[in-house]
Amino acid sequence: MTEPRVDSPTPARPPNRAKPTPNALRHALSGFATGITFVAAEVEGRTVGMLANSFTSVSLDPPLVSISFARTSTTWPSLQQADHWGISVLGQESRHLIPLLSRPAAQRFNDVEHEIGGNGSVLLPGAIASFVVARDTEIDAGDHILTLLHVLDTHRDPQQTPLVFYASTLHRLAA
């Protein structure tokens with residue numbers, strides 16, 4: 001017996017629209033809530049790092065995550081020199097660190113406790129989750145560079161609550 005054929009209706013075509021401007025795209029994407037991470041490494045004896053909200057899971061087997069870096073970033077060229085990075089996911093308990101980690105690169109680690117691993121990865125104690133990663137692949141992605149990272153180690157503190165970046169501001173999740 002053969003299955004009956006079901007024809008699905010042809011989806012309506014969207015009206016012709018102009019390509020979104022970078023500001024229009026940024027505004028629309030601000031409607032997508034993300035977490036906040038701090039990506040850091042030791043490079044040539046100095047600690048470098050930056051906040052990033054483009055962190056996402058890619059694969060469980062093999063364990064891969066990704067982060068996108070703007071080509072205009074002044075920290076990215078330094079991070080790019082390191083083979084291993086630490087990624088600290090900031091929760092509500094780390095909210096006070098955001099202004100400190102947003103300072104100019106030379107001041108970013110002043111008064112910020114951090115741990116340097118034997119492989120040069122740098123993590124923030126008290127993060128809601130942390131990942132030690134090795135750079136895997138870089139992909140040209142327009143004005144950004146999409147970086148795939150192989151996960152070497154993880155830690156998660158289930159007692160903490162997340163910090164959410166939405167509409168270009170920080171929020172807490174309501175129960």
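The lining of the largest pocket divides into 17 nonpolar, 13 polar and three charged residues. In this scheme Ala, Val, Leu, Ile, Met, Phe, Trp, Tyr, Cys and Pro count as nonpolar, Asp, Glu, Lys and Arg as charged, and the others, Gly among them, as polar. Please bear in mind that this is a predicted model, in which local features need pLDDT of at least 70, side-chain atom pairs count only at pLDDT 80 or more, and totals for chains, interfaces and linings use all residues. Residues are numbered from 1 along each chain as its sequence is written, and side-chain values use heavy atoms, with hydrogens and water left out.

A pocket here is an open set of points on a 1 Å grid over the protein atoms alone, where a 1.4 Å probe fits, with protein on both sides within 12 Å along at least five of seven lines; lining residues have an atom within 4 Å of a point.

The largest pocket has 33 lining residues, and Arg26, Leu29, Asn53, Ser54 and His144 lie nearest its centre. Two or more lining residues come from each of α1 (22-29), β2 (46-52), β4 (64-70), α3 (97-101) and β10 (163-166). The element that gives the most is α1, with four residues. Helices (H or I, at least four residues) and strands (E, at least two) are DSSP runs, numbered from the N terminus.
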